[in-house]
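Here is a short report on one protein chain. Please read it with the model open beside the text.

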Amino acid sequence: MAADTAAGSAKTAPAAPRSRKSVTGTRRTVAALFLLPALVLLGALVVYPIGYSVIRSFYDQSGDSFAGFDNYQALFTDDGIRTALKNNILWVVFAPTVATALGLIFAVLTERVRWGTAFKLVVFMPMAISMLAAGIIFRLVYDQDPDKGVANAVWVGVHDTFAQSSAFPKAHPGRESPLEPAGGGAFVTKDTVSAGDTVTLPLVGVPPDVMPDDAKPAAAPKPEDDRITGSTWQDFTRGKGVGALNQVDSSELGYAGMRIEAVKDGEVVETATAAADGTFSFSSKADGARLRLPAGNFKAPYNGLDWLGPSLVTPAVIGSYIWMWAGFAMVLIAAGLAGMPRELLEAARVDGANEWQVFRRVTVPLLAPVLAVVTVTLMINVLKVFDLVFIIAPGSSQDDANVLALELYRKGFSEDQPGVASAIAVFLLLLVIPVMWFNVRRLRREVRR
C-alpha cells in the first residue's frame, strides 16, 4: 500500500524546468549581427573620417606640431575663405528659396492642366543628369560667344531687336582717303562739298564674308545739278587687293545702310543712308558742308553679358543649380498637394475667396510642412555644393565664385594645407548640424501628430 502511494506521488510530481535561452536575447543577437556590417561601414566611412578631421584640424601643415586654433583662425582671416563664406551665404539664401518657389508654382499650375504630367517629367528630367554633366552643359550655355552660348544668343537677340548693332565695326579709311578722323571714332571729309559734286567715301577693314546680306556691287555716284551725290563702299576685293585706289570697282561691295551726315558749323543739317550699292545723295541744304560718317557706324556689335565674369559668375552658377533642383522641389510639393483635403479649398471658394486668396491663405499654409522639408533639404545640399562651381567657373573668375567645399578641395590638394582644409570640413559640419537638428525635430513633431 505504501509502495502504491509512493508510486502515485512520483507520477503526479511536476517535472523540473529545463534551462533555455531568452527569446528576446536571441532576437537582439540576430539583429546585432545583421546591423554589424552597416555599423562597420558607418564607422569606417563616417565616424572615423569625422574624428580624424577634427583631430587633424588642430595640427599644422606637416601634421607633427600642434597648432591649436590657428587653422580655425584662418577661416576668418584668409581672403579666399572669406569670399567662399560670403558666396555660401548667397547660396543658402537664394538657391533654396528660388528653387522651392519655382517648385511650388510648377506644382500648383500643372495640377489643373491635362499635360501636367508631361511638363513635370520635363522639369524633373535634369535630376537624372549628374552634376558633372550639368556643369559642362552650362559652361557652354554661358559661353561669351553668342554663336555658341545660348544665354548670350537670346540676350543679344533681344538687345538687337531694340538697338541695331553696326555691321561695319572694323571699317576705316584706307590709303590716300578723302576722309580723316573726326574724334570719337567718326570720320569726316577733308573738304567741303557743293551742289553738283560727286563724293567718294572708300573704306577698308571689313571682310567680304561678314558684309551685310543685302549689300550689292558698289556703284559709282552719278552727278546731279542741284544735289550732292556720293558712294561709300569696301575699297578692297579678296584676291585683287584694293584694285584702282579710291575708285569703285565692279567686284567691290557697297556699304548698305551706312549713315552719312552733312555737318555745317558743327551742326548736322541733313542725313542720308547708303543704298544697297553704297550710293547716297543730299539736297542743296548740304552745300558747303563736310560729310561725316558718325561713330555709330563703327561701333562694335553687342556681344552680350559676361556671364562667367567676376560680377555674374555666382548668380550664373546658382541659376544652373536651380535648373537642376526645381524639379525635385516640384515633385515633393506636388505629392503634398495630392494629399491636401480638397474640401478646405472648396469651402474657401464658397466663402467668396478668389484663386489668389485660396493659394495664399489656404494652400500655402497647408503645404508649410512640405515646403519646410524641401527648403531645409536644399539648404543642406547647397552647403556642400562643389561640382558646379568647379566646372562652370573658369579659372579667371573661380576665386570670385569660390565656395567652402571648393576652398576645402583647393586647400587640401592644390595648396597643401591639410590642417586648414580639415578646419573647413569641421566648420561645414557645424553649419549643417543645426539645419539637420531642426529638420529632425520637425519630423518628430509630425510623427506625434
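**Model and confidence**

This is a predicted model, in which local features need pLDDT of at least 70, side-chain atom pairs count only at pLDDT 80 or more, and totals for chains, interfaces and linings use all residues. Residues are numbered from 1 along each chain as its sequence is written, and side-chain values use heavy atoms, with hydrogens and water left out.

The mean pLDDT of the protein chain is 86. A pLDDT of 70 or more is reached by 93% of residues. The score is the predictor's confidence in each residue, from 0 to 100. Among the elements, helix H1 (residues 2–12) has the lowest mean, 50. Strand E7 (residues 279–282) has the highest, 94. Helices (H or I, at least four residues) and strands (E, at least two) are DSSP runs, numbered from the N terminus.

**Annotated spans**

An unreviewed UniProt entry places "transmembrane region" at residues 30–50, 89–109, 121–142, 321–341, 362–383 and 420–440. Those positions use the numbering given here, feature names are shortened, and annotations may be inferred rather than shown by experiment. In the model, residues 362–383 are 95% helix and 0% strand, with end C-alpha atoms 32 Å apart. Residues 420–440 are 100% helix and 0% strand, and their end C-alpha atoms lie 30 Å apart.

**Nonpolar cores**

Which residues have the most contacts inside the largest nonpolar core? They are Trp-91, Tyr-142 and Tyr-321, in a core of 45 residues. Helices H4 (79–109), H6 (131–141), H8 (313–338), H9 (342–350), H10 (355–366), H11 (368–383) and H12 (387–392) each supply at least two of its residues. H8 gives the largest share, 14 residues. Such a core is a set of buried Ala, Val, Leu, Ile, Met, Phe, Trp, Tyr and Cys residues joined through side-chain atoms within 4.5 Å. Buried means under 20% relative accessible area, exposed over 50%, and partly exposed in between (1.4 Å probe, protein chains only).

Leaving aside neighbours within four places in sequence, Tyr-321 is in contact (heavy atoms within 4.5 Å) with Trp-91, Ala-95, Met-131, Leu-378, Asn-381, Val-382 and Leu-388. A second, separate core has 24 residues, including Phe-187, Val-199, Ala-262 and Ala-272.

**Salt bridges**

The whole structure holds 11 salt bridges. Each one needs a side-chain nitrogen of Lys or Arg within 4 Å of a carboxyl oxygen of Asp or Glu.

| Pair | Closest N to O distance |
|---|---|
| Asp-78 and Lys-411 | 3.1 Å |

Asp-78 and Lys-411 form a salt bridge. Asp-78 sits in the loop between helix H3 (70–74) and H4, and Lys-411 in helix H13 (residues 404–414), so the pair ties together parts 333 residues apart in sequence. Asp-78 is partly exposed at 25% relative accessible area, whereas Lys-411 is buried at 3%.

Glu-180 is partly exposed at 29%, and Arg-290 is partly exposed at 28%.

Glu-346 and Arg-349 are 3 residues apart in helix H9, about one helical turn. Glu-346 is partly exposed at 43%, as is Arg-349 at 23%. Salt bridges with shared partners join Asp-78, Glu-407, Lys-411 and Glu-415 into one network.

H13 has these buried residues: Leu-404, Ala-405, Leu-406, Glu-407, Arg-410 and Lys-411. They pack against H4, H12 and helix H14 (418–448). Just after H13, Asp-416 takes a positive phi of about 55°.

Is Asn-152 buried or exposed? Asn-152 is buried, at 0% relative accessibility. This residue lies in helix H7 (residues 150–162). A polar atom of the Asn-152 side chain lies 3.0 Å from the backbone oxygen of Gln-144. Beyond neighbours within four places in sequence, the contacts of Asn-152 include Val-141, Pro-146, Asn-303 and Trp-307.

Ser-177 lies in the loop between H7 and E1. Ser-177 is buried too, at 6% relative accessible area. Its side chain reaches the backbone nitrogen of Leu-179 at 3.1 Å. Not counting residues up to four places away in sequence, Ser-177 touches Lys-190, Pro-202 and Asn-246.

How values were computed. Polar contact = N/O pair within 3.5 Å; in protein donor to acceptor, adjacent residues only side chain to side chain.
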